[in-house]
Amino acid sequence: MTATDPTARPAETVLELREVTRVHGRGEVAVHALRGVTLSVTAGELVAVMGPSGSGKSTLLNLAGGLDAPTSGEVVVEHVTLGGLSRRGLAAVRRRRVGYVFQDLNLLPSLTAAENVALPLELDGVRLRRTRAAALAALEEVGLAHLANRFPDEMSGGQQQRVAIARALVGDRRLILADEPTGALDSQTGEAVLKLMRARVDAGAAGVLVTHEARHAAWADRVVFLRDGSIVDTSGPLPTPESLLATTPGGPA
Amino acid sequence: MSVRYGLLALLERGARYGYQLRTEFERTTGGTWPLNIGQVYTTLARLERDGLVRALPENDGGQRPYEITADGRAELALWFASPIERGDRPRDELAIKLALALTTPGVDVHTVVQTQRSSAMRTLQELTRLKTASDDPQGTELAWRLVLESMIFQAEAEVRWLDHCESSLTRFSAPAGKSIVGHRGRRKSTVDSSEKDSTEHVWGQTR
C-alpha cells in the first residue's frame with residue numbers, strides 16, 4: 001500500500017468489487033443478496049447505489065467496507081484484497097482507510113463530539129494529542145468545531161449526523177461509505193451532509209453512497225441501479241433501441 | 001405555450017426588439033430553454049395579430065421594438081393567475097409510452113422504465129451540478145435558481161413515479177411467473193446483455 005497524493009493520480013482505483021456474490025444460508029433457503037457484482041470506484045469519484053429495498057444495496061456497502069465477507073469474488077480496497085487479510089489486518093484497514101456513515105449514527109452517548117470523532121484513531125493506537133487535533137480538524141470541516149465538547153444528546157439530529165460524518169472523515173480516509181446518510185434529516189440539513197461528502201471526494205477520496213432518494217443520488221458522478229442483487233444499469237450513455245427490446249422468450253430470468 | 005407568455009412578461013418591463021427578447025429569455029431560464037430568433041419573430045407576429053403587442057417605429061439601428069398593449073397586460077396577468085394545466089406536459093407522453101410498452105408484444109416494459117429512469121437521473125445529476133455551482137444567488141441568478149429547482153423537483157418526481165411503476169409491475173408479474181408483455185413465459189425482466197442476440201428476432205415480430 002502506498003501513500004499517494006490524490007491530486008497527482010486522480011484516476012487511481014480505490015475500491016474494486018470483482019464478481020462479488022453474497023449468499024445468506026444454504027440450499028433451499030439460500031438468499032442471494034448479491035449476484036456477481038463488479039464495480040470500481042476511483043479517487044475523486046462519488047458513486048451512488050440505488051435500488052428498491054432488498055436489492056442488495058446495504059450488502060454491497062458492508063462488503064466494500066470489510067464488515068461482511070463475500071461468498072465468492074474479491075473486494076479490493078486501495079490495492080489490498082480484503083479476503084487475504086487476517087482478522088487484525090482487516091480491522092486495521094477498516095479503522096484507517098474506510099470511513100462509514102450509517103443511517104443510525106452509532107455515536108457513543110457517553111463521549112463528547114470530539115471524543116466520538118477521535119475514537120477510530122484512538123482504537124488505532126494514535127497518540128491522544130494527535131487524535132484530539134485530528135478530531136477538531138474534522139469537526140471544523142463539518143462546521144461544528146464550537147460544539148466539540150458537547151455530548152450527543154445535547155445536539156440536534158442534524159448536528160449529530162455531522163459529528164458522524166466528521167468521524168467518517170477523520171484522519172486520512174480514502175474510502176467513504178455512506179448508507180442513507182441523510183436519514184431523517186430535513187432537506188436543507190441533508191443537503192449539507194451531501195455537500196460535505198462531495199467536498200471530501202472532490203479532494204481525492206472515493207465515495208459510495210447508498211440511497212433510495214433520487215435527489216441525493218444526483219450528487220454522484222455515477223449512479224448504479226441494483227435489482228435483485230445485480231447491477232441492471234448505470235446512469236451512463238443512452239441505450240440503443242436494441243437494448244430496449246431485449247426480451248428473450250424463455251431467456252434467463 | 002409559454003414562449004408567448006415569456007415574451008409578454010419581458011415586454012411588460014418595457015419595449016424591446018426581437019434579439020433583445022431572445023437574449024433576455026434565455027438568460028432568465030439560464031440557457032436551459034434555447035430559443036431561435038425565428039421563434040421569437042413568429043411569436044411576436046402572432047401576439048401582434050391578437051392585439052397583445054404593438055410594433056413601434058424602427059430605431060436608428062434598423063431594429064423594430066415592440067411594446068405590450070393593455071390587452072396583452074391583461075392576458076399576462078391571467079396567465080400568472082392560472083395554474084398550468086397538467087394536460088400539455090411531456091410527462092403524459094411518457095405515461096402513454098409505458099402503457100403502450102405494457103401491451104405491445106416484444107417490448108420489455110422494465111427496460112423502458114429503467115431507460116427513462118437513467119435518463120431522468122442523468123438530468124437530475126446535471127441540474128444538481130448546476131445548482132451547486134451557483135451558491136449564493138441574487139437577482140437574475142436567483143430567478144435562474146428557481147427555474148433550476150423547479151426542474152430538479154420535476155426530475156425527482158419522475159424518478160419516483162418510475163420507481164412506483166416498477167414496484168407495481170414487479171408485484172403483478174413476479175409471483176405468477178407470467179410475462180409482463182403478454183407473450184411467452186418470461187419470469188422477470190432484467191437488463192441482460194446476453195439477451196441482445198435475439199433482439200432482431202423479437203423486434204421482427206413487432207414490426
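Student: In β3(B), which residue is the bridge partner of R16(B)?

Tutor: In this predicted model, R16(B) has Y66(B) as its bridge partner in β3(B). Strand β1 of chain B, residues 16-17, runs antiparallel to β3(B), and two bridges join them.

Student: What is the bridge partner of A55(B) in β3(B)?

Tutor: Y66(B) again is the residue to look at, as the partner of A55(B). Strand β2 of chain B, residues 53-55, pairs with β3(B) in the antiparallel sense over three bridges.

Student: How many bridges join β1(A) to β2(A)?

Tutor: Eight, between residues 13-24 and residues 31-42 of chain A, in an antiparallel arrangement. L15(A) is opposite V41(A) of β2(A). Six residues lie between the strands of this hairpin, and G25(A) takes a positive phi near 80°. β1(A) also pairs in the antiparallel sense with β4(A), residues 72-77, over five bridges; there E16(A) stands opposite V76(A).

Student: Which residues have the most contacts inside the largest nonpolar core?

Tutor: The general idea is that nonpolar side chains tend to be buried together in soluble globular proteins. Here the largest nonpolar core has 81 residues, and V117(A), A166(A) and V208(A) have the most contacts inside it. A second, separate core has 12 residues, including L7(B), L21(B), L47(B) and V53(B).

Student: What does V117(A) touch, leaving out residues up to four places away in sequence?

Tutor: Its contacts are A135(A), A138(A), L139(A), V163(A), A166(A), R167(A) and V170(A).

Definitions and conventions:
Residues are numbered from 1 along each chain as its sequence is written. Chains are lettered from A and ligands numbered from 1 in the order in which they are written. This is a predicted model: local features need pLDDT of at least 70, side-chain atom pairs count only at pLDDT 80 or more; totals for chains, interfaces and linings use all residues. A nonpolar core is a set of buried Ala, Val, Leu, Ile, Met, Phe, Trp, Tyr and Cys residues joined through C-beta atoms within 7 Å. A residue is buried if 20 or more other C-beta atoms lie within 10 Å of its own, exposed if 12 or fewer, and partly exposed in between; C-beta atoms are placed from the backbone. Two residues are in contact if their C-beta atoms, placed from the backbone, lie within 7 Å. Two strands pair if DSSP finds at least two bridges between them. Helices (H or I, at least four residues) and strands (E, at least two) are DSSP runs, numbered from the N terminus.
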